[in-house]
Amino acid sequence: MPNEVVVSAAVPSAHTPHEVAPNPAASSAETSNIDTPSAVATSVTVPSPAAPSADAPTTDTPTAPASSVPAPQEPAATGHTLPNFLSHELDTDALAAKPTSPEDTAEIDVQTIEALLDDPGSTQSFAPITDELIDTSSTYDAGTTTSLMWGARSDVGCVRSHNEDSYLVQSPLFCVCDGMGGHAAGEVASSIAVETIAKTAPTTADPALLGAAVEAANAAVIEAAQHGLGKPGMGCTATAAFLEDDTVAIAHVGDSRAYLLHDGTLIRITRDHSFVEELVDAGEITADEARVHPNRSVITRALGSDPSMYADHFKIGIEVGDRLILCSDGLSSMVSDGEIERIAAKSSTAQICTDNLVDAALTAGGTDNVTVVVVDLVDDGALRREAERRRKSIKTALLCIGIALAIGAVLTFTSIVNSIYLGTHNGTVAIFTGIPGTFLGFDAHWLHDTSTVSLNDLPDDTKRRLYEGIPQDSVDAAMETISKYRKQISEEQAEKERAAASVRSSAGAGAHAEAGTSSENAHTPSDPNDPNTPASGYNQSSEPLSQTDGGGA
């Protein structure tokens, strides 16, 4: 029954008090061991079908001897009514006047039967069952959701006259409160506490907010006592848990406890706020000695005493298969942690575990009220299938990613290995395998072959491209490119040589032409009519030429 509020609280019985033998082992410091009128534990919830019902209608009919006919009585003042077939007088005269048929005859004393029927209070020849014979000392609750399974039980014990414990089942919120202050006080404080926690608790596993709910319960208990509800000085402990996914939030005050059974090992996850716990922490007594210490019921922090009281609060991780146990000191003071671990590990379900733990406390003496709430973190198969589906999806996704990465790595490596480019090496053109630069911090290329082509013989644009890397389809293509570079360089050098030769030839022809012109001018006859021609018989230096007179002087 998910999200159902179940609050179990002890309320005083309205029936005749009965004496309870005092507990010789009980401590005088135990505040809840007070002789009070009889009370029986009941619950505000419908009990489990497998458990004795605490809400069964009862009557206050006094016990009558089996042989006597009880006098007529009015219905009990508890609000219950008699069955319909007993709530009216029978008309015996009409029955006598009725014609008798063979089917209605019998060998019985009709007058005796009619006399018994005249009494509307009883048609039995035996004493009615009294309230004292009805088991109302225990309350039960069990339930399950898709992720949680729980069981709860509270028992008055073997010595106490009334039950001051209360528990809360409001999945995923659970709580146990152990009341203090005696009759009409402890049970009032514990019931106020669980009701307040139920109303103010968070909707998530937030330990701070859960602690605030416990502190609100403390204020509610104090305020109730101030307004005359219960008794002054009443109080209670509180241990609350809120489970969400793989986390449990805990808020704790007093000596009620929370245990966690994980992989068969029991771990106490709360620390008692008690005098004996301080002695254990100081190393003066052991945990086993603390269970039987005379002052084991003296607690150092509780709800209802200090308005500034604060609750310990924290959260821890849990897993499927873990078992959470909340209990009052009626269990932990009677059963050792080792025995609790053994019982919890061997109990198959939460309710069975609850019953076994309560029975163990009762077997050990049951000197106090015993309340146990057990919560198992389980799944109904759907969560397991969903988790398996998610795991498979994650595995498939990871596998696909791995395959894609592997394929990418292979393709990248293949591409690098099969890539060829032209670059530079020691001032010459070289052939490289791979790609220029680095990949994942490593050089992604290596030298394949060199050439004699000097970079200085290439154009600037070609040199820039070579520094960056010029991709090639294959080594043969790279060799062919280098051959083209050689041819280009050779052609350029030949062109330069031809140009130089042409320049030299042109220079030589010019000099030869100038020399020929000078020679021609030297052998050309003078024109006597040319004013620039020197006079006959004189050379250019105006010196007279020697003449030979052909006729003689």
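**Ground rules.** I am working with a predicted model, where local features need pLDDT of at least 70, side-chain atom pairs count only at pLDDT 80 or more, and totals for chains, interfaces and linings use all residues. Residues are numbered from 1 along each chain as its sequence is written, and side-chain values use heavy atoms, with hydrogens and water left out.

**Thr438.** I checked its cover next. Thr438 counts as exposed because its relative accessibility is 55%. Buried means under 20% relative accessible area, exposed means over 50%, and partly exposed is in between (1.4 Å probe, protein chains only). Setting aside residues up to four places away in sequence, Thr438 touches Asp443 and Ala444. Contact means heavy atoms within 4.5 Å.

**Ser419.** I found Ser419 in the loop between H10 and strand S15 (420–425). Is Ser419 buried or exposed? Ser419 counts as buried, because its relative accessibility is 19%. Beyond its neighbours within four places in sequence, Ser419 contacts Phe432, Thr433, Gly434 and Ile435.

**Helix H10.** I placed Leu405 in this helix, residues 382–418. Leu405 is exposed, at a relative accessible area of 59%. Leu405 also belongs to a nonpolar surface patch with Ile394, Leu398 and Ile401. Together the four have about 420 Å² of accessible area (Shrake-Rupley method, 1.4 Å probe, with only the protein chains shown as cover for residues). Patch residues have over 30% relative accessible area and no salt bridge; nonpolar side chains (Val, Leu, Ile, Met, Phe, Trp, Tyr) are joined within 5 Å, and like charges within 9 Å. A salt bridge is a side-chain nitrogen of Lys or Arg within 4 Å of a carboxyl oxygen of Asp or Glu.

**Helix H8.** Which residues of H8 (337–346) are buried? I noted Ile340, Ile343 and Ala344. Among the elements covering them are strand S10 (257–262) and helix H9 (350–363).

**Whole chain.** I ended with the totals. The chain has twelve helices and 18 strands. Of its 553 residues, 39% are buried.

Definitions and conventions
Helix = DSSP H or I, 4+ residues; strand = E, 2+ residues; numbered from the N terminus.
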